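Please keep the sequence and the model at hand while reading.

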Amino acid sequence: MKEFLNVALPKGRLGERVYTMFAQAGFPCEELLDPKRKLIFENPEAGVRYFWVKPSDVPVYVERGAADVGVAGKDILLEYEPDIYELLDLNVGKCRMCVAARSGFRDDPDKTLRVATEFPHITRAYYSARSRDIDIIRLHGSIEIAPILDMTDVIVDIVETGTTLRENDLMPIETIVPISARLIANKVSFKFKHEAIQTLSEGLRAQVAAKEAEKK
Ligand code: PRP
């Protein structure tokens, strides 16, 4: 019997989209899209076992070797710097990490800048490269409220369509880094399950390239 390739997928819309790419790359598992609450699915014929995990936990499963490969946003990889291999930019789940503020905001360089974010590591690195003194307020969601209540001057968060910012009277003022979903691999699995991981990443690479070619 084939050895299973263990795959951690981010639960949600991005994960479902990425799964269709994995299926096309030779690792189908139809049961996966079943709307029940099961979290682990396997297809012994294709030699694949999938599990749905919280998006920010994907690198934890991969780093620890519970998953051989997984899909994680570049934001999560930059924030936690897991010890994994980043194999491929899947060119989906595209958004950007931004600094946003209320309209009319003027930065006063003489004052410590108060920043609300779910990404303290990325935020610290960004401002420290600019020698800007900041006070980070770590939140776990609804970041947009912080400057509205004047708890902070700005936020550092993910912007996709810009709707959340607009609806809360905020605007992006700087882009820190573009974000997209990445295929990541456990370092030991990359050696010992090389063939399966290679087949998968080549299959995915071909799809990414085909989509890019379509756009031109
Ligand atoms: C992210 C981010 C913003 C929103 C931006 O939240 O924190 O709130 O998406 O998207 P938009 O520019 O298209 O409006 P997400 O939905 O990932 O959930 P979270 O708040 O739990 O991080």
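S142 is found in the loop between β8 (134–138) and α5 (145–148), where helices (H or I, at least four residues) and strands (E, at least two) are DSSP runs numbered from the N terminus. The model is a predicted one, in which local features need pLDDT of at least 70 and side-chain atom pairs count only at pLDDT 80 or more, while totals for chains, interfaces and linings use all residues. Residues are numbered from 1 along each chain as its sequence is written, and side-chain values use heavy atoms, with hydrogens and water left out.

**Backbone in two loops**

- The phi angle of S142 is near 45 degrees, a positive value in a residue other than glycine.
- D150 lies in the loop between α5 and β9 (154–159), and its phi, near 60 degrees, is likewise positive in a residue other than glycine.
- Most residues other than glycine have a negative phi.
- D150 counts as partly exposed because its relative accessibility is 49%; buried means under 20% relative accessible area, exposed over 50%, and partly exposed in between (1.4 Å probe, protein chains only).

**Ligand surroundings**

- The ligand is surrounded by E118, E144, D157, I158, V159, E160, T161, G162, T163 and T164, a residue being near if one of its heavy atoms lies within 4 Å.
- An N or O atom in the side chain of E144 is 3.1 Å from an oxygen atom of the ligand.
- For D157, a polar side-chain atom lies 2.9 Å from a ligand oxygen atom, and for T161 the corresponding value is 2.5 Å.
- Of the 490 Å² of accessible area that the ligand has on its own, the protein covers 57%; such areas come from the Shrake-Rupley method with a 1.4 Å probe.

**Nonpolar cores**

- The largest nonpolar core has 28 residues, and L9, F22, Y50, L90, L200 and L204 have the most contacts inside it; a nonpolar core is a set of buried Ala, Val, Leu, Ile, Met, Phe, Trp, Tyr and Cys residues joined through side-chain atoms within 4.5 Å.
- Two or more residues of this core come from each of β1 (5–10), α1 (13–24), β3 (48–53), β4 (69–73), β11 (181–185) and α8 (194–215).
- Apart from this core lies another, of 14 residues, among them M97, F119, Y126 and Y127.
- Leaving aside neighbours within four places in sequence, L204 is in contact (heavy atoms within 4.5 Å) with M21, F22, A25, L88, L90 and L183.

**A buried glutamine**

- Q207 lies in helix α8 and counts as buried because its relative accessibility is 10%.
- Neighbours within four places in sequence aside, Q207 is in contact with M21, Q24 and A25.

Notes
Polar contact = N/O pair within 3.5 Å; in protein donor to acceptor, adjacent residues only side chain to side chain.
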